[in-house]
Amino acid sequence: VQLQASGGGLVQAGGSLRLSCAASRSIFNINSMSWYRQAPGKQRELVALITSGGSTNYADSVKGRFTISRDNAKNTVYLRMNSLEPEDTAVYYCNVQAIQGAYWGQGTQVTVSS
């Protein structure tokens, strides 16, 4: 199974982007789907997570600005990012945690200019 992330780009502060992450085929026994990000010189951090039951969790820094959602029929997870800040600049990775293991997307660059 491959995860293909897309939707990144260059945006001005205050702008919005929507990231998508599509799986090449159905993934069974999913526990959660999530988005991570890694800024230059920093560790990868969890941004948002959605469980198989639909519960969501967000990093404090993005609460109220980002929304994670999923479309099971399309094997896709989304991250809607509003009110973007320069501090949101990073490579964003999608992740799927399943009983049989973890899957990672290749990353998509998000750059927010001030």
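The model contains 1 disulfide, where the term denotes a pair of cysteine sulfur atoms within 2.5 Å. The bond joins Cys-21 to Cys-94, with an S to S distance of 2.0 Å. Cys-21 belongs to strand E3 (residues 17-23) and Cys-94 to strand E9 (residues 90-98), so the bond ties together parts that are 73 residues apart in sequence. Strands (E, at least two residues) are DSSP runs numbered from the N terminus. Because the torsion about the S-S bond of Cys-21 and Cys-94 is about 55°, this disulfide is right-handed.

This is a predicted model, in which local features need pLDDT of at least 70 and side-chain atom pairs pLDDT 80 or more, while totals for chains, interfaces and linings use all residues. Residues are numbered from 1 along each chain as its sequence is written, and side-chain values use heavy atoms, without hydrogens or water.

Both cysteines count as buried, that is, under 20% relative accessible area with a 1.4 Å probe and protein chains only.

| Residue | Relative accessibility |
|---|---|
| Cys-21 | 2% |
| Cys-94 | 0% |

The largest pocket has a volume of about 150 Å³. A pocket is an open set of points on a 1 Å grid where a 1.4 Å probe fits, with protein on both sides within 12 Å along at least five of seven lines; lining residues have an atom within 4 Å of a point. Its lining comprises 14 residues, with Ile-27, Ile-30, Met-33, Asn-72 and Asn-75 nearest the centre. Strands E4 (30-38) and E7 (66-71) each contribute at least two lining residues.

Technical notes
Grid points are joined across faces, edges and corners, and a volume is the space filled by probe spheres set on the points. Helices (H or I, at least four residues) and strands (E, at least two) are DSSP runs, numbered from the N terminus. Buried means under 20% relative accessible area, exposed over 50%, partly exposed in between (1.4 Å probe, protein chains only).
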